[in-house]
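Morning, everyone. Please take a look at the structure on the screen before I start.

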Amino acid sequence: MEPIFVISILGGLILILLFTGAQFKPARFIGQAAIKLVIGALLLFFLNAAGNRYGIHVPINFATSAVSGFLGIPGLFALAAIQHWVI
């Protein structure tokens, strides 16, 4: 499958959940988790774009998106610190 096709399907499902709302708890939880993962990936993208001048690059994958999405800005800074000092 083409990546754009998969992203379009996931985006459509997220939009449907946002407009109609989830009728049962597991769908609501999955929808909120998917939105947080997308937000985490966007935060990492902007960190990589801004940190390019300073040599900060955090790879965008499921684990780092989950950390930055669920923990927010402190998680993003923690990932940047781990990348800079540890790795």
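Which residues make the nonpolar surface patch of about 650 Å²? They are Ile4, Phe5, Val6, Ile9, Leu10, Leu13 and Ile16. A patch here takes residues with over 30% relative accessible area and no salt bridge, joining like charges within 9 Å and nonpolar side chains (Val, Leu, Ile, Met, Phe, Trp, Tyr) within 5 Å. A salt bridge puts a side-chain nitrogen of Lys or Arg within 4 Å of a carboxyl oxygen of Asp or Glu. Areas come from the Shrake-Rupley method with a 1.4 Å probe, and for residues only the protein chains shown count as cover.

A word on the source. This is a predicted model, where local features need pLDDT of at least 70 and side-chain atom pairs need pLDDT 80 or more, while totals for chains, interfaces and linings use all residues. Residues are numbered from 1 along each chain as its sequence is written, and side-chain values use heavy atoms, leaving out hydrogens and water.

Now the overall layout. The chain has four helices and zero strands. Helices (H or I, at least four residues) and strands (E, at least two) are DSSP runs, numbered from the N terminus. From the N terminus on, the order is α-α-α-α. The radius of gyration is 15 Å, well over the 12 Å that the globule rule gives for 87 residues, so the chain is more spread out than a compact globule. That radius is taken over C-alpha atoms, and the rule is 2.2 Å times the number of residues to the power 0.38. Along its principal axes, the C-alpha trace spans about 45 × 30 × 20 Å.

What about surface? The accessible surface comes to about 6,500 Å², and 76% of it belongs to carbon and sulfur atoms. Of the 87 residues, 23% count as buried. Buried means under 20% relative accessible area, exposed means over 50%, and partly exposed lies in between (1.4 Å probe, protein chains only).

Phe5 sits in helix α1, residues 3-20. Phe5 counts as partly exposed because its relative accessibility is 44%. Leu17 also lies in α1. Leu17 is partly exposed, at 33%. Between Leu17 and Ile7, ten residues apart in sequence, the C-alpha distance is 15 Å.

How far apart are the end C-alpha atoms of α1? They are 26 Å apart, which agrees with the 26 Å that 18 residues should span at 1.5 Å a residue. The expected span is 1.5 Å times one less than the number of residues. Just after α1, Gly21 takes a positive phi of about 80 degrees.

Next, helix α2, residues 25-51. Its 27 residues should span 39 Å, and the end C-alpha atoms are 38 Å apart, which agrees. Buried residues in α2 are Ala27, Gly31, Ala33, Gly40, Leu44, Leu47, Asn48 and Gly51. Their cover includes α1, α3 (62-71) and α4 (73-86).

Last stop: Ser65, in helix α3. Is Ser65 buried or exposed? Ser65 is buried, because its relative accessibility is 6%. Not counting residues up to four places away in sequence, Ser65 touches Lys36, Leu37, Gly40, Ala41, Leu44 and Ile60. Contact means heavy atoms within 4.5 Å. Leu42, in α2, has its C-alpha atom 8.4 Å from that of Ser65. Leu42 is partly exposed at 44%.
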